[in-house]
Amino acid sequence: MSEDSDAEKTEAASERRLQQARDEGDVPRSREVATFTVLIAAGAGLWVMGGSMVRTLSASLVSGLSLTREQVYNPDILITRILVDIVNVLITFLPVGIAVMFVALASPLFVGGWLFSAKAFMPKFSKLNPISGITNMVSKNSLVELLKAIVKTIVVGSVAYIVIMKYKDAMFGLANEPLRESSAHMLDMMAMSFFYLVGALGFIAAIDAPYQMWHYANKLKMTRQETVQESKENDGNPQIKGKIRQMQREMARGRMMQDVPTADVVVTNPTHYAVALKYADGSKGAPKVVAKGTDEVAAKIRELAKEHKVAILEAPALARALHKHTDIGDEIPARLYAAVAEVLAYVYQLRAYRPGGRYPDRPVKLDVPADMDPNNPASQKPPQ
């Protein structure tokens, strides 16, 4: 992708874009951080275990230069002794090796984190394109890497020069010291020089890590068009989503209509609202709303109720309150218990009615709180 197109990328990368990059093995990495952590681990290990290492190497050197008559004339014994010396040296260096390996594996956690992606191992023939290679050589990122290498050389070189100047006289004075003292003195100077140089690399790593994070985020930036397109892909086409919602409403309405014949009563407005209630005998809960609707849906509910001989009661305030404060499948609100109980009592009386008996009186004034009726002015007042 050309540098010109990068200039048009003004939007931060989305979560989907970041995840796609990770799936392809593309995460921020800082070689300077990895180099610094491995070197500091190796230096610390040598500093802590340097004494035992020197003693082991010295013993192995003495053993290797000391040959007995039996070892000279029996190669098997000589080989066994050499193998023992090698094993001792390896065991001595093993803790440092393990520490360095652990730090090398843990260093990616500082920038980018651990990642294993099979796609990163797949061959990409685009990398064999010489034109793309030349373009990458003269890209902005290549220029930055070149400048970074120059700065690193200057910084490390300057620190090395300062260290040499600092220990110059001491280095020349080693020739006048006894062997044991000069060896210890030389090791101390080498260790300090090492840590000075690693400190310089740490300074470079502290600058490189934030830069790599910024460069990675900038590389994955998106154009406004890409953001809009991804949003459409994630959320779906609005027209398709509208059709899906319409189908879902129709399916829900169909299931709701199937429950109307099982209702005990349908409370109406009488024309604008209809709410079907059902109460299971022996149930510990309150009556439930099995269907509700307005206008055409309400008319369909009334039609099904008449067809299946479900009681229909005209109670405008109760119908409006139930429609507003309940959803399908909900139990009725506790404040409407009294009104609904009166309605159900009327329905049960209708079922028990026999010709010649006294016809039940239709409920007239139901106890519906004024603030639950959306048409009552009291429901429009804000709570005190």
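Lys-148 is buried, with a relative accessible area of 16%. This residue belongs to a predicted model whose protein chain contains 13 helices and 4 strands. Lys-148 pairs with Asp-208 in a salt bridge, with 2.9 Å between the closest N and O atoms.

**Salt bridges**

- In general terms, side chains of opposite charge can pair when their charged atoms come close.
- In the pair Lys-148 and Asp-208, the closest N and O atoms are 2.9 Å apart. Lys-148 lies in helix α7 and Asp-208 in helix α8 (residues 179-219), so the pair ties together parts that are 60 residues apart in sequence.
- Asp-208 has a relative accessibility of 3% and therefore counts as buried; Lys-148, at 16%, is buried as well.
- Glu-32 and Lys-152 meet through their side chains in a salt bridge with an N to O distance of 3.3 Å. Because Glu-32 is in helix α3 (residues 31-65) and Lys-152 is in helix α7 (residues 140-173), the pair ties together parts that are 120 residues apart in sequence.
- Glu-32 is buried at a relative accessible area of 8%, whereas Lys-152 is partly exposed at 28%.
- Asp-264 and Arg-351 form a salt bridge whose closest N and O atoms are 2.9 Å apart. This pair links distant parts of the chain, 87 residues apart: Asp-264 sits in the loop between α10 (238-259) and β1 (265-268), and Arg-351 sits in helix α13 (residues 337-352).
- Asp-264 is buried, with a relative accessible area of 8%, while Arg-351 counts as partly exposed at 46% relative accessibility.

**Nonpolar cores**

- The largest nonpolar core comprises 23 residues, and Leu-277, Leu-318 and Leu-336 have the most contacts inside it.
- Elements β1, β2 (273-278), α12 (316-325) and α13 each give two or more residues to this core. Helix α13 supplies the largest share, 6 residues.
- Leaving aside residues up to four places away in sequence, Leu-318 touches Val-267, Leu-336, Ala-339, Val-340, Val-343, Leu-366 and Val-368.
- A second, separate core of 15 residues has among its members Val-266, Val-290, Ile-301 and Leu-304.

**Annotated segments**

- An unreviewed UniProt entry places the feature "transmembrane region" at residues 33-57, 102-122, 143-164 and 184-207.
- Within residues 143-164, the chain is 100% helix and 0% strand, with end C-alpha atoms 31 Å apart.
- Within residues 184-207, the chain is likewise 100% helix and 0% strand, and the end C-alpha atoms are 35 Å apart.

**Surface and overall chain**

- Ile-79, Ile-82, Leu-83, Ile-86 and Leu-90 make a nonpolar surface patch of about 460 Å².
- Leu-90 is placed in helix α5 (residues 75-106). The relative accessibility of Leu-90 is 55%, so this residue counts as exposed; the cut-off for exposed is over 50%.
- The accessible surface of the protein chain is about 25800 Å², and carbon and sulfur atoms account for 63% of that area.
- Of the 384 residues in the protein chain, 28% are buried.
- Among contacts in the protein chain with a separation of 6 or more, 72% are between residues 24 or more positions apart.

Terms used. Residues numbered from 1 in each chain as written. Predicted model: local features only at pLDDT ≥ 70, side-chain atom pairs only at ≥ 80, totals over all residues. Heavy atoms only, no water. Patch = residues over 30% accessible without salt bridge, like charges linked within 9 Å, V, L, I, M, F, W, Y side chains within 5 Å. Areas by Shrake-Rupley, 256 points an atom, 1.4 Å probe, with all protein chains shown as cover. Salt bridge = Lys/Arg side-chain N within 4 Å of Asp/Glu carboxyl O. Buried < 20%, exposed > 50% of the residue type's maximum accessible area, 1.4 Å probe, protein only. UniProt positions renumbered as here; feature names shortened; annotations may be inferred. Contact = heavy atoms within 4.5 Å. Core = buried A, V, L, I, M, F, W, Y, C linked by side-chain atoms within 4.5 Å.
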